[in-house]
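Dear colleague,

My notes on it follow directly after the model.

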Amino acid sequence: MTFPGESNTIPFPSGRADGDTLGGRIWRARDALGLELPDLASRIGLPEETVGGWERDHAEPDTKALFMLAGVLSVSPSWLIAGIGVPPPEPSGSEYLPPLQ
């Protein structure tokens, strides 16, 4: 139940999602840290093909892998899943392109 002037929505720090996919956010976070795909895969103890499949949106990590991935990439699970929260810093240099809208 809400009272006049109140809202029943849950506030999130970023206000809205970023419009990217889970795979795109995994790639952005990995790129921000300067990690190569084999490095990320070895850090979470999974085959490179598995992690690469996530980045290409061919599959999704299970809950345990998602939390391990978020920890290694220094982002929150909610940012990886939905783009809600603090994104990783953008890599420096002209090679960075923002996600398509």
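The notes below move from the overall fold to the helices and then to individual residues.

Please bear in mind that this is a predicted model, in which local features need pLDDT of at least 70 and side-chain atom pairs count only at pLDDT 80 or more, while totals for chains, interfaces and linings use all residues. Residues are numbered from 1 along each chain as its sequence is written, and side-chain values use heavy atoms, with hydrogens and water left out.

Overall fold

The protein has five helices and zero strands, and its pattern along the sequence reads α-α-α-α-α. Helices here are DSSP runs of H or I with at least four residues, strands are runs of E with at least two, and both are numbered from the N terminus. Of the 101 residues, 34% count as buried; buried means under 20% relative accessible area, exposed means over 50%, and partly exposed lies in between (1.4 Å probe, protein chains only). Taking contacts between residues at least 6 apart in sequence, 57% join residues at least 24 apart, where contact means heavy atoms within 4.5 Å.

The nonpolar core

The largest nonpolar core contains 18 residues, and those touching the most other members are Ile26, Leu40, Val51, Trp54, Leu69, Leu73 and Leu80. Such a core is a set of buried Ala, Val, Leu, Ile, Met, Phe, Trp, Tyr and Cys residues joined through side-chain atoms within 4.5 Å. Two or more residues of this core come from each of H1, helix H2 (37-44), helix H3 (48-55), H4 and helix H5 (77-82). H4 supplies the largest share, five residues. Leu69 is in contact with Ile26, Leu40, Ile44, Trp54 and Leu80, its neighbours within four places in sequence being left aside.

In H4, the buried residues are Ala65, Leu66, Leu69, Ala70 and Leu73. Seen down the axis of H4, they fall within an arc of 135°, so they line one face of the helix; the arc is that of the directions from the helix axis to the C-beta atoms. Exposed on the other side of H4 are Thr63, Lys64, Phe67 and Gly71. The partners against which the buried residues of H4 pack are H1, H2, H3 and H5.

H2 can be described in similar terms. Its buried residues are Leu37, Leu40, Ala41 and Ile44. They cover an arc of only 100° around the axis, which puts them on the same side of H2. Ser42 and Arg43 are exposed on the other side of H2, and the cover over its buried residues includes H1, H3 and H4.

Packing of H1 with H4

Helix H1 (residues 22-33) packs with helix H4 (residues 63-73) at an angle of about 30°, their axes being 10 Å apart. Axes are lines fitted to C-alpha atoms, for helices over the stretch in contact, and angles run from 0 to 180 degrees between N-to-C directions. H1 is therefore roughly parallel to H4, a term for angles under 35 degrees. H1 contributes Leu22, Ile26, Ala29, Arg30 and Leu33 to the contact, and H4 contributes Leu66, Leu69, Val72 and Leu73. Eight of these residues are nonpolar, none is polar and one is charged; Ala, Val, Leu, Ile, Met, Phe, Trp, Tyr, Cys and Pro count as nonpolar, Asp, Glu, Lys and Arg as charged, and the others, Gly among them, as polar.

Two arginines in H1 deserve a look. Arg30 counts as buried at 10% relative accessibility. With neighbours within four places in sequence left aside, Arg30 is in contact with Leu35, Glu36, Leu37, Leu40, Glu55 and Leu73. Arg28, also in helix H1, counts as buried at 14% relative accessibility.

Positive phi values

Gly45, which follows H2, has a positive phi near 75°. Asp57, in the loop between H3 and H4, has a positive phi of about 60° although it is not a glycine; Asp57 is partly exposed, with a relative accessible area of 40%. Ser74 follows H4 and has a positive phi near 60°. Ser74 lies in the loop between H4 and H5 and is exposed, with a relative accessible area of 60%.

With kind regards

Methods. Parallel < 35°, antiparallel > 145°, perpendicular 65-115°, else oblique.
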